[in-house]
Amino acid sequence: MKVHVDETKCCGAGQCVLIAPEVFDQRDEDGIVVLLAPEPAEDQRSGVREAAAVCPAAAITLDEDPS
């Protein structure tokens with residue numbers, strides 16, 4: 001899995017950070033998403049999928065591994 005974030009779409013809601021804090025963070029100055037792990041470990045992927053699904057701005061997209 002590869003994670004992509006579009007900072008221009010991010011509204012700073014922070015749901016991604018609450019769900020997957022090992023993969024996402026927020027900038028202090030404006031709350032915009034910071035991607036910490038563009039290729040998350042297997043045990044983090046469920047949370048990343050949930051974070052992408054609940055993102056109110058659809059700023060998180062995923063490229064899943066073909067398998």
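Visitor: How much space lies in the largest cavity?
Guide: About 110 Å³. Keep in mind that this is a predicted model.

Visitor: Which residues are closest to its centre?
Guide: Cys10, Ala13, Gly14, Cys16 and Cys55 are the closest to the centre of the largest cavity, out of 17 residues that line it.

Visitor: And what is the lining like by class?
Guide: The lining of the largest cavity has 12 nonpolar residues and five polar ones, with no charged residues.

Visitor: How many cavities are there in the count?
Guide: One, if you count cavities of 30 Å³ or more.

Visitor: How does anyone find where empty space is left?
Guide: You roll a probe the size of a water molecule over the atoms, and that shows where empty space is left.

Visitor: OK, new topic. What secondary structure does the protein chain have?
Guide: Two helices and four strands. Going along the sequence, the pattern is β-α-β-β-α-β.

Visitor: How compact is the protein chain?
Guide: The protein chain is as compact as a globular protein of that length, because its radius of gyration is 11 Å, close to the 11 Å that the globule rule gives for 67 residues.

Visitor: What does the C-alpha trace span along its principal axes?
Guide: About 40 × 20 × 15 Å.

Visitor: Last one: among contacts between residues at least 6 apart in sequence, what share joins residues at least 24 apart?
Guide: In the protein chain, 55% of those contacts do.

How values were computed:
Residues are numbered from 1 along each chain as its sequence is written. This is a predicted model: local features need pLDDT of at least 70, side-chain atom pairs count only at pLDDT 80 or more; totals for chains, interfaces and linings use all residues. Side-chain values use heavy atoms; hydrogens and water are left out. On a 1 Å grid over the protein atoms alone, a cavity is a set of points where a 1.4 Å probe fits but cannot get out, and a pocket is an open set with protein on both sides within 12 Å along at least five of seven lines; lining residues have an atom within 4 Å of a point. Grid points are joined across faces, edges and corners, and a volume is the space filled by probe spheres set on the points. Ala, Val, Leu, Ile, Met, Phe, Trp, Tyr, Cys and Pro count as nonpolar, Asp, Glu, Lys and Arg as charged, and the others, Gly among them, as polar. The radius of gyration is taken over C-alpha atoms; the globule rule is 2.2 Å times the number of residues to the power 0.38. Contact means heavy atoms within 4.5 Å.
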